[in-house]
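Biologist: I would like to learn how to read a few features of a model, taking the general idea before the particular case. Could we begin with how exposure is judged?

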Amino acid sequence: MISITAILKSKPENLIEVQNMLTHLVTETRKEAACIRYDLHTSDNVFILWEEWRDQIGLDSHNAQSYLIDFISKTESLVASPIQVYKTAQIL
């Protein structure tokens, strides 16, 4: 299993737009066969995606999906800093 944490910090004036785009992204991603978990958390204007993938092939497929590519492209001007993505391994 592969775990990913992605952190996005929306510009305050784009908060609702970013949240709506994330909602669409989550809805579409959860339909993918290799997606085990794709949860969205928030605090103020920070959004955190907690992801679990069955395998690297499934993650690679996700990264090639048009809705993810479109999301990344459209949010570049809406976020306060670049999206941070961490591929992690559980140790406990």
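Modeller: A residue counts as buried under 20% relative accessible area, exposed over 50%, and partly exposed in between, with a 1.4 Å probe and protein chains only. This is a predicted model, in which local features need pLDDT of at least 70 and side-chain atom pairs count only at pLDDT 80 or more, while totals for chains, interfaces and linings use all residues. Residues are numbered from 1 along each chain as its sequence is written, and side-chain values use heavy atoms, with hydrogens and water left out.

Biologist: Is aspartate 44 buried or exposed, and what is its phi?

Modeller: Most residues other than glycine have a negative phi. Aspartate 44 is not a glycine, yet has a positive phi of about 55°; it is found in the loop between strand 2 (35-43) and strand 3, where strands (E, at least two residues) and helices (H or I, at least four) are DSSP runs numbered from the N terminus. At 69% relative accessibility, aspartate 44 is exposed.

Biologist: Which residues of helix 3 are buried, and where do they fall around the helix axis?

Modeller: An α-helix has 3.6 residues a turn, so residues three or four places apart point the same way. In helix 3 the buried residues are Tyr67, Leu68, Phe71 and Thr75. Seen down the axis, these residues fall within an arc of 100°, so they line one face of helix 3; the arc is that of the directions from the helix axis to the C-beta atoms. Their cover includes strand 1, helix 1 (15-29) and helix 2, contact meaning heavy atoms within 4.5 Å.

Biologist: What does the side chain of threonine 29 reach?

Modeller: A polar contact is a pair of N or O atoms within 3.5 Å; within protein, one must be able to donate a hydrogen and the other to accept it, and residues adjacent in sequence count only if both atoms are side-chain atoms. The side chain of threonine 29, a residue of helix 1, reaches the backbone oxygen of leucine 25 at 2.8 Å. Threonine 29 is buried, its relative accessible area being 0%, and, not counting residues up to four places away in sequence, touches Cys35, Tyr38, Trp53, His62 and Tyr67.

Biologist: Where is serine 10 found, and which backbone atom does its side chain reach?

Modeller: Serine 10 is found in the loop between strand 1 and helix 1, and its side chain reaches the backbone nitrogen of leucine 15 at 3.4 Å. Serine 10 is buried, with 0% relative accessible area.
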